[in-house]
Amino acid sequence: MGLLSRLLTFPLEPVRGAVWVARQALAQAEREYYDPAPVRQALADLNEALRIGEIDQETFDQHEAALLARLEELARQRHRTS
């Protein structure tokens, strides 16, 4: 029966392949979205910009608050999934 079912469902193979690719892409996008490394790098870059005078303290504070909020969101998400 296995061979017969494979023959009958063979036309669906391209759909199964597309679904697999979509799942892999989604998994990679989630890994990148929930990775805290880029947020930490952005914080370091922001500190450097303040240090060398590219931005003022008010701009720094605004951007820092947004980045820290993002890190907190990532920590909550990581805690939920563990």
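Helices here are DSSP runs of H or I with at least four residues, numbered from the N terminus. The model is predicted.

**Nonpolar core**

- The largest nonpolar core has seven residues, namely V39, L43, L46, F60, L67, L71 and L74.
- Two elements, α3 (37–51) and α4 (57–81), each give two or more residues to this core.
- In soluble globular proteins, nonpolar side chains tend to be buried together.
- Core residue F60 touches L46, N47, L50 and I55, when residues up to four places away in sequence are not counted.

**R70 and its surroundings**

- R70 has a relative accessible area of 17%, and it therefore counts as buried, because the cut-off for buried is under 20%.
- Leaving aside neighbours within four places in sequence, R70 is in contact with Y33, Y34 and V39.
- V39 is also one of the residues of the largest nonpolar core.
- A polar atom of the R70 side chain lies 2.4 Å from the backbone oxygen of Y33.

**Salt bridges**

- The count of salt bridges comes to three.
- Side chains of opposite charge can pair when their charged atoms come close.
- E13 forms a salt bridge with R16, and the closest N and O atoms are 2.6 Å apart.
- E13 and R16 are separated by about one helical turn, because they are three residues apart in helix α2 (residues 13–33).
- E13 is partly exposed at a relative accessible area of 27%, and R16 is partly exposed at 38%.
- E48 and R51 meet through their side chains in a salt bridge, at 2.7 Å from N to O.
- These two residues, E48 and R51, are three residues apart in helix α3, so about one helical turn separates them.
- E48 is partly exposed, with a relative accessible area of 34%, whereas R51 is exposed at 61%.
- The side chains of R70 and E73 form a salt bridge with an N to O distance of 3.1 Å.
- R70 and E73 lie about one helical turn apart, because three residues separate them in position along helix α4.
- In this pair R70 is buried at 17% relative accessible area, while E73 is partly exposed at 30%.

Note on methods
Residues numbered from 1 in each chain as written. Predicted model: local features only at pLDDT ≥ 70, side-chain atom pairs only at ≥ 80, totals over all residues. Heavy atoms only, no water. Core = buried A, V, L, I, M, F, W, Y, C linked by side-chain atoms within 4.5 Å. Buried < 20%, exposed > 50% of the residue type's maximum accessible area, 1.4 Å probe, protein only. Contact = heavy atoms within 4.5 Å. Polar contact = N/O pair within 3.5 Å; in protein donor to acceptor, adjacent residues only side chain to side chain. Salt bridge = Lys/Arg side-chain N within 4 Å of Asp/Glu carboxyl O.
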